[in-house]
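Work through the exercises below with the sequence and the coordinates at hand. Each task is followed by a worked solution.

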Amino acid sequence: SLEDEFDLSFYDRMLRCHLEYRRSNRLLRTIYIQADMARMMINGHDVLTRAVKLMFEDQVFMSMMRNTKFDLVLTDPGLPTGVFLAHHLQLPMVFNVRWINMGDSHFTFAPSPLSYVPVTGSELGDKMDFFERTLNMLVHISQSLQYYFIMEPNYRELLDRYFPPGTDLLSMELTADLW
């Protein structure tokens with residue numbers, strides 16, 4: 001069962017580590033946090049992938065979801081279970097936050113030069129020196145690599161099985177009806 005896999009002390013340990021990272025210089029702190037996020041994504045999205053598969057394979061549950069005739073799916077895009085459910089049930093999708101798994105959503109559809117717009121999680125402001133702009137770019141690259149090499153492959157089998165050919169998580173997220 002998926003419940004047996006959850007480590008209830010995970011967030012406590014992660015918070016303690018992040019507090020310890022605060023004692024490091026900005027570059028090391030950023031590297032540590034990005035590495036933690038990658039580890040968290042590997043484990044978390046593996047569990048979420050299996051949860052979506054279990055949900056889709058449960059014919060009674062899916063029938064109940066269809067018969068309830070929901071008007072929309074209100075979801076957090078960071079946990080793409082709702083994204084998959086909305087698309088599978090062909091319901092409008094409303095996000096409760098503006099970020100998606102690639103970071104802040106404005107980077108995907110609005111001009112957002114990394115030399116002026118800080119990446120979520122970079123702890124930077126909009127006034128950056130050369131070192132900070134470089135760090136901002138590295139955080140952006142790290143988040144993109146995590147998406148394309150950790151997240152997307154995790155969901156590939158699920159996407160191929162339940163959705164039209166060529167569908168990817170990012171394109172599904174970008175079809176949100178309301179942000």
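This is a predicted model: local features need pLDDT of at least 70, side-chain atom pairs count only at pLDDT 80 or more; totals for chains, interfaces and linings use all residues.

**Exercise 1: Fold outline**

Solution. Reading from the N terminus, the elements follow the order α-α-α-β-α-β-β-β-α-α-α. Counting by type gives 7 helices and 4 strands.

**Exercise 2: Dimensions and packing**

Task: Describe the extent of the C-alpha trace along its principal axes, then state what share of the residues is buried.

Solution. Step one: the C-alpha trace spans about 55 × 40 × 25 Å along the principal axes. Step two: of the 179 residues in the chain, 41% are buried. Step three: take the contacts between residues at least 6 apart in sequence; 51% of these join residues at least 24 apart.

**Exercise 3: Surface and charge**

Task: How much of the accessible surface belongs to carbon and sulfur atoms, and how far apart do the centres of the positive and negative sets lie?

Solution. The accessible surface is about 10,700 Å². Carbon and sulfur atoms account for 61% of that surface. The charged side chains number 16 positive and 23 negative, and the centres of these two sets are 5 Å apart.

**Exercise 4: A nonpolar patch**

Solution. First, the patch is made by Met-137, Leu-138, Ile-141, Leu-145, Tyr-148 and Phe-149.

Note on methods:
Residues are numbered from 1 along each chain as its sequence is written. Side-chain values use heavy atoms; hydrogens and water are left out. Helices (H or I, at least four residues) and strands (E, at least two) are DSSP runs, numbered from the N terminus. Buried means under 20% relative accessible area, exposed over 50%, partly exposed in between (1.4 Å probe, protein chains only). Contact means heavy atoms within 4.5 Å. Accessible areas come from the Shrake-Rupley method with a 1.4 Å probe; for residues, only the protein chains shown count as cover. Lys and Arg count as positive and Asp and Glu as negative; His and the chain ends are not counted. The place of a charge is taken as NZ of Lys, CZ of Arg, CG of Asp or CD of Glu. Patches are made of residues with over 30% relative accessible area and no salt bridge: like charges are joined within 9 Å, nonpolar side chains (Val, Leu, Ile, Met, Phe, Trp, Tyr) within 5 Å. A salt bridge is a side-chain nitrogen of Lys or Arg within 4 Å of a carboxyl oxygen of Asp or Glu.
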